[in-house]
Amino acid sequence: MKDNTVLISGATRGIGRAIAVELAGEGANISFNYLKSGREAAELENEIKNLGANAKSFQADIKDFQAVRSWVDKTKELFGRIDIVINNAGVIKDKALALMESDDWREVINTNLEGTFNLTRAAIVTLMKQKSGVVINITSVSGIVGLPRQTNYSASKAGIIGFTKSLAKEVAPYNIRVNAIAPGFIETDMLKVLTEEYKNQILKQIPLNRLGRPREVAKMVKFLVSDDAGYITGQTIAIDGGMSMM
Ligand code: NAP
């Protein structure tokens with residue numbers, strides 16, 4: 001992966017951060033965006049540089065296509081190429097549908113699903129011209145089995161699975177692979193809003209009886225972007241302690 005350039009959305013915390021560190025450890029140039037966490041972004045840049053890899057952070061709202069395009073263009077200027085695109089930025093706004101406001105719906109769909117469109121659309125022509133590349137979309141077990149109070153989130157994540165399959169067929173002739181990873185419940189800030197009672201209920205639905213770790217997702221990303229996964233495209237791989245097979 002040395003000298004490959006990776007775009008990662010939302011790498012200041014949680015799963016995105018673990019992916020950035022994992023791929024930097026392989027020698028890749030890491031370009032990532034964030035929304036609010038400027039201090040964490042600077043810390044991650046330093047951590048990656050200490051690993052001996054190149055890193056650059058950009059403040060860009062993933063919902064804003066022009067801002068995302070500018071991030072992608074500046075990355076190309078800086079590193080000369082783009083090889084890997086990781087659509088990771090995501091939010092939850094859980095509510096029963098009966099209480100859900102249009103804003104709760106739009107915020108989640110526009111960040112998770114339209115954000116995936118924005119970054120992939122801004123980068124895909126570069127990959128097509130190179131006739132090589134890998135796209136990884138972070139979906140969720142919620143997009144596979146559906147979870148209550150997550151109609152917005154489940155819809156956005158199920159949409160990402162359809163997006164993955166459609167794009168995989170479309171760009172396979174350009175030697176570009178597109179896969180999705182569906183984490184189950186992973187210990188990050190995203191779970192902080194869940195009550196202990198709900199977490200205990202969830203644990204009962206996880207055969208391995210524990211939450212996942214960001215690093216466990218990052219390891220799968222590392223495999224899927226490598227040449228060892230050269231014959232895998234259009235797939236959604238669950239990393240969920242067995243939850244989605246129930
Ligand atoms: P997290 O800890 O809450 O981190 C979210 C990241 O996304 C942060 O870096 C955040 O940037 C960024 N972000 C959010 N909105 C953004 C926006 N509008 N523009 C740019 N960046 C934005 O989340 P996580 O748990 O690591 O989740 C990462 C991905 O995995 C998400 O797609 C999530 O849906 C998915 N996932 C997570 C779990 C889980 O259990 N944790 C399970 C299944 C799927 P700031 O720091 O600047 O806000």
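1. N209 has its place in the loop between α7 and α8, where helices (H or I, at least four residues) and strands (E, at least two) are DSSP runs numbered from the N terminus. The phi angle of N209 is near 55°, a positive value in a residue other than glycine. With a relative accessible area of 52%, N209 is exposed; here buried means under 20% relative accessible area, exposed means over 50%, and partly exposed lies in between, with a 1.4 Å probe and protein chains only.

2. A word on the basis of these values: this is a predicted model, in which local features need pLDDT of at least 70 and side-chain atom pairs count only at pLDDT 80 or more, while totals for chains, interfaces and linings use all residues. Residues are numbered from 1 along each chain as its sequence is written, and side-chain values use heavy atoms, with hydrogens and water left out.

3. D3, in the segment before β1, also has a positive phi in a residue other than glycine, near 75°. At 51% relative accessibility, D3 counts as exposed.

4. Helix α1 covers residues 14–24, and since eight of its 11 residues are buried, α1 is largely enclosed by the rest of the structure. The buried residues of α1 are I15, G16, A18, I19, A20, E22, L23 and A24. One of them, I19, is in contact (heavy atoms within 4.5 Å) with I8, I86, I138, A218 and V221, leaving aside its neighbours within four places in sequence.

5. Which residues touch the most other members of the largest nonpolar core? In this core of 32 residues they are I8, I19, I30, I86 and I136, a nonpolar core being a set of buried Ala, Val, Leu, Ile, Met, Phe, Trp, Tyr and Cys residues joined through side-chain atoms within 4.5 Å. At least two residues of this core come from each of β1 (5–9), α1, β2 (29–34), α2 (38–50), β4 (84–87), β5 (133–138) and α8 (214–225), and α1 gives the most, with six residues. Another core, of 21 residues, lies apart from it and has V85, A89, A123 and V171 among its members.

6. T188 is found in the loop between β6 (176–183) and α7 (196–203), and with a relative accessible area of 18% T188 is buried. Leaving aside neighbours within four places in sequence, T188 is in contact with G14, I15 and P214.

7. Helix α4 (residues 102–130) packs with helix α3 (residues 65–79) at an angle of about 35°, with their axes 8 Å apart; axes are lines fitted to C-alpha atoms, for helices over the stretch in contact, and angles run from 0 to 180 degrees between N-to-C directions. On the α3 side F65, V68, R69, W71, V72 and K76 meet N118, L119, R121, A122, A123 and T126 of α4. By class, this contact of α3 with α4 has seven nonpolar, two polar and three charged residues, where Ala, Val, Leu, Ile, Met, Phe, Trp, Tyr, Cys and Pro count as nonpolar, Asp, Glu, Lys and Arg as charged, and the others, Gly among them, as polar.

8. How do α4 and helix α6 (residues 151–171) lie, and at what angle do they cross? Their axes come within 8 Å and cross at roughly 20°, which makes α4 roughly parallel to α6, a description for angles under 35 degrees, whereas those over 145 count as roughly antiparallel, 65 to 115 as roughly perpendicular and the rest as oblique. The residues of the contact of α4 with α6 divide into 12 nonpolar, seven polar and two charged.
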